[in-house]
Amino acid sequence: MKKETADPSGQIGLQDMFRPPVETPAMLLEARMEAAGRRMAVYLRHLPLPERTRHELALAALTELAKDPGDNPAQAEARGMRILRGLLAEQTPALHVVPSPGVRRRHMKPEEMDRRPWVRVYLSFMRPLWIMTAGFFNTALIDFLLYALLLAGLRIMDLQLP
């Protein structure tokens, strides 16, 4: 067993703290299996399956993959996905699970139904015109009144000057 070098203060030296871990075959296998497991978990998470079935499929696929994981993490992921797709092809889909967005039930305000569509079309066409016209006249009328007051004030000042 290697003796750790320590400072007189009793702390481990920096060279010992940042030493890279030794890569054993077990660590390499674990890294490959972890990469494959993450990929399968993401894939299974987006399938409309019950949680228990997801875990069972992932466990079965990882158990099968552990027999021959491949030489690197990419190969392990690819083999794991092939095994998982094979297991999914054998499985019958659950009838109670339907892929759809969640249902949000809210109170709906009752609204009177319009039975005259031509009125609705006329109002939908005239309402924006009315709003635009009212906005124009409101601003133009104010501008006109201010201009008239300015002219009247200038006229009064012109009359008072000798």
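These legends walk through several views of one predicted model. Residues are numbered from 1 along each chain as its sequence is written, and side-chain values use heavy atoms, leaving out hydrogens and water. Because this is a predicted model, local features need pLDDT of at least 70 and side-chain atom pairs count only at pLDDT 80 or more, while totals for chains, interfaces and linings use all residues.

View 1. Let's start with the overview. The protein chain has five helices and zero strands; here helices (H or I, at least four residues) and strands (E, at least two) are DSSP runs, numbered from the N terminus. Of its 162 residues, 14% count as buried, where buried means under 20% relative accessible area, exposed over 50% and partly exposed in between (1.4 Å probe, protein chains only). The chain exposes about 14600 Å², and carbon and sulfur atoms supply 64% of that area, computed by the Shrake-Rupley method with a 1.4 Å probe.

**View 2. Helix α2 covers residues 25-45.** How far apart are the end C-alpha atoms of helix α2? They are 30 Å apart, which agrees with the 30 Å that its 21 residues should span at 1.5 Å a residue. The expected span is 1.5 Å times one less than the number of residues. Look for the buried residues of α2: R32, M33, A35, A36, G37, M40 and L44. Their cover includes α3 (51-67) and α4 (73-90).

**View 3. Helices α2 and α3 cross.** Two packed helices are described by the angle between their axes and the distance between the axes. The axes of α2 and α3 come within 10 Å and cross at roughly 150°; axes are lines fitted to C-alpha atoms over the stretch in contact, with angles from 0 to 180 degrees between N-to-C directions. That makes α2 roughly antiparallel to α3, a label for angles over 145 degrees. On the α2 side, the contact is made by M33, A36, G37, M40, L44 and R45, and on the α3 side by R54, L57, A58, A61, L62, L65 and A66. Contact means heavy atoms within 4.5 Å.

**View 4. A35 sits in helix α2.** Is A35 buried or exposed? A35 counts as buried because its relative accessibility is 8%. Not counting residues up to four places away in sequence, A35 touches P73 and E77. A35 and E77 are 42 residues apart in sequence, and their C-alpha atoms are 6.5 Å apart in space.

Conventions:
Angles under 35 degrees count as roughly parallel, over 145 as roughly antiparallel, 65 to 115 as roughly perpendicular and the rest as oblique.
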